[in-house]
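Please read it beside the sequence and the structure.

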Amino acid sequence: MFDPFVLAAYAFLAIVRWLGLPPLLRLATHRGRDWFFDVELRDDLAVRDRFVCDYRRAMFATSIAFELAALADLVVFRAWSHILYVQMPLLLGVGVARRIVLRKYVLTARERRVPASGERVAFSLVPRRLVDYTSRTFELCNAAIALASLAVIDRAGRSPMFLVAFLVLYLHAGLLLWKARLVRQRVVLPADRADEYLELVDEAFRAGMRTFDGARSVVTFFLLMLAVRATYWDAWRERTQTITAIAIPVLMVAWLVVMTTRGRRVTATLLARAREFRPPAIPRFTPDPARLGLAGFVYWNADDPAVVVDGGPLRLSINVANRYTYVYLAYWIVLALQVRALAGAL
Amino acid sequence: MLLRIDPSDRRPIYRQVADEIKMLIAGGKLREGAPLPSVRQLASDLGVNLNTIATAYRELQDEGLIAVRHGSGAVVTSRTSQSSGAELRQPLRTALTELVLGGLSRREILNLVSTELNDLTKGAK
């Protein structure tokens with residue numbers, strides 16, 4: 001027999017996994033059949049269509065492979081613990097795999113773009129800082145609730161629950177790290193109407209940041225619910241269990257619905273405005289092959305600000321001379337250690 | 001505030017960056033105290049090595065136009081270059097030589113210089 005909670009968790013994660021796919025398929029030609037995302041392809045129409053079709057097939061095949069793995073795990077193990085150790089990493093894994101496919105096709109498309117005759121590009125001279133995309137009140141409330149919840153769970157003396165709460169808080173920090181990374185992402189503007197284009201980019205940035213903050217507030221709510229569960233007394237045992245058991249899935253689904261609806265509306269508006277501009281020709285830079293190692297997966301250049309560069313069979317080489325590479329690597333290692341510690345405690 | 005880069009320009013990227021920032025400072029578009037992005041942000045946007053932007057910033061710093069704060073970008077410090085009179089005249093002389101050799105008359109050169117100067121100092125007080 002399947003545990004209904006395991007089934008519900010699987011269904012929720014499967015919906016989240018598949019929700020990310022349609023925009024990736026649809027956005028490839030949002031500017032028309034001549035384009036692949038923001039790159040105008042120089043080939044004839046049949047070749048362009050085949051290129052887009054190949055991309056969609058690769059994206060679909062990647063998603064199916066991950067879904068089959070998740071389904072097999074559910075059918076074979078039916079275990080609650082696998083939601084944490086298998087299903088959630090698969091959710092993360094499919095996101096990364098789709099990014100790799102997307103990156104490979106975007107880089108290939110840039111090689112096949114209509115040649116630009118010395119097209120000028122512009123860059124913003126305004127520093128982009130995380131603090132400019134952060135609401136101080138939101139951050140203070142978020143941090144206060146998260147840390148207070150953690151303290152309450154710690155005082156309750158329930159070791160596995162504290163480990164879960166600490167893991168959730170760590171994921172919270174990971175989202176913040178990701179947000180900081182987004183702020184630093186590359187912004188290239190067309191030389192004509194660069195000011196208006198920059199305004200649009202900034203709006204897209206802010207919309208993305210709001211989504212992140214929305215996700216982080218759900219994580220904080222989850223921590224708060226854990227604290228409620230950790231501190232209930234016997235008379236309230238039944239009631240608090242029901243509250244947390246219902247409130248968490250209801251809030252997660254509600255958040256998903258609100259975010260998807262809002263995200264679709266904002267994306268549609270921003271894309272409609274983006275189509276008024278001719279996107280800039282992003283300058284292409286290929287890493288020095290002499291600095292690539294380990295079959296092209298590793299790159300060594302302390303002078304290169306990029307963490308990931310275009311190299312190797314997957315067109316993805318990690319710059320191991322960049323200090324940020326170690327920050328991200330350390331994050332994943334600590335996360336894996338925490339999951340292992342939690343597995344031992346449960 | 002925007003920095004425009006021309007891939008077909010024969011000048012190296014660091015020179016284009018330094019010249020563009022100088023023009024923005026001269027034109028009053030970048031005022032004293034205005035922050036500039038960190039070397040890492042600008043290098044990342046342009047897709048160039050850190051050293052390329054560091055060289056441009058160092059040159060501007062040597063001329064006393066900006067102050068680089070380690071790890072947190074740079075700020076515009078002054079609208080007055082610390083170069084001497086002779087140093088300032090040399091590039092003007094070179095540019096004028098090119099214009100004369102290009103066959104432009106004295107009047108055309110004066111008009112050209114006047115237009116460029118007006119464009120450059122449009123936002124300056």
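## Salt bridges

A salt bridge is a side-chain nitrogen of Lys or Arg within 4 Å of a carboxyl oxygen of Asp or Glu. By that criterion, a search of the whole structure gives 24 salt bridges over all chains. The model is a predicted one, in which local features need pLDDT of at least 70 and side-chain atom pairs count only at pLDDT 80 or more, while totals for chains, interfaces and linings use all residues. Residues are numbered from 1 along each chain as its sequence is written, chains are lettered from A and ligands numbered from 1 in the order in which they are written, and side-chain values use heavy atoms, with hydrogens and water left out.

In chain A, Arg57(A) bridges to Asp54(A), with 3.6 Å between the closest N and O atoms. The two residues are 3 residues apart in helix H3 (residues 45-77) of chain A, so about one helical turn separates them. Helices (H or I, at least four residues) and strands (E, at least two) are DSSP runs, numbered from the N terminus. Arg57(A) is exposed at 54%, and Asp54(A) is partly exposed at 30%. Another pair is Arg129(A) with Asp132(A), whose closest N and O atoms are 3.2 Å apart. Arg129(A) is partly exposed at 46%, and Asp132(A) is partly exposed at 32%.

## A network in chain B

Arg11(B) forms a salt bridge with Asp9(B), the closest N and O atoms being 2.8 Å apart. Arg11(B) has a relative accessible area of 32% and is partly exposed; Asp9(B), at 26%, is also partly exposed. Through shared partners, salt bridges join Asp9(B), Arg11(B), Arg15(B), Asp19(B), Lys22(B), Glu59(B) and Glu63(B) into one network.

## A buried charge without a bridge

Glu20(B) sits in helix H1 (residues 13-26) of chain B. Glu20(B) is buried but has no salt bridge, and the nearest side chain of opposite charge, Arg120(A), is 4.7 Å away. For charge, Lys and Arg count as positive and Asp and Glu as negative, while His and the chain ends are not counted. Leaving aside residues up to four places away in sequence, Glu20(B) touches Leu2(B), Leu3(B) and Arg4(B), where contact means heavy atoms within 4.5 Å.

Phe37(A) lies in the loop between strand S1 (35-36) and strand S2 (39-40) of chain A and is buried, at 16% relative accessible area. Ala295(A) lies in the loop between strand S5 (292-293) and strand S6 (298-299) of chain A and is exposed, at 62%.

## Domains

Domain bounds come from an automatic or database domain assignment. Chain A has domain 1 (1-115), domain 2 (119-282) and domain 3 (285-346). The C-alpha centres of domain 1 and domain 2 of chain A are 22 Å apart, and 13 residues of domain 1 of chain A contact 15 residues of domain 2 of chain A. Chain B has domain 1 (13-76) and domain 2 (85-121), with C-alpha centres 26 Å apart.

Definitions and conventions
Buried means under 20% relative accessible area, exposed over 50%, partly exposed in between (1.4 Å probe, protein chains only).
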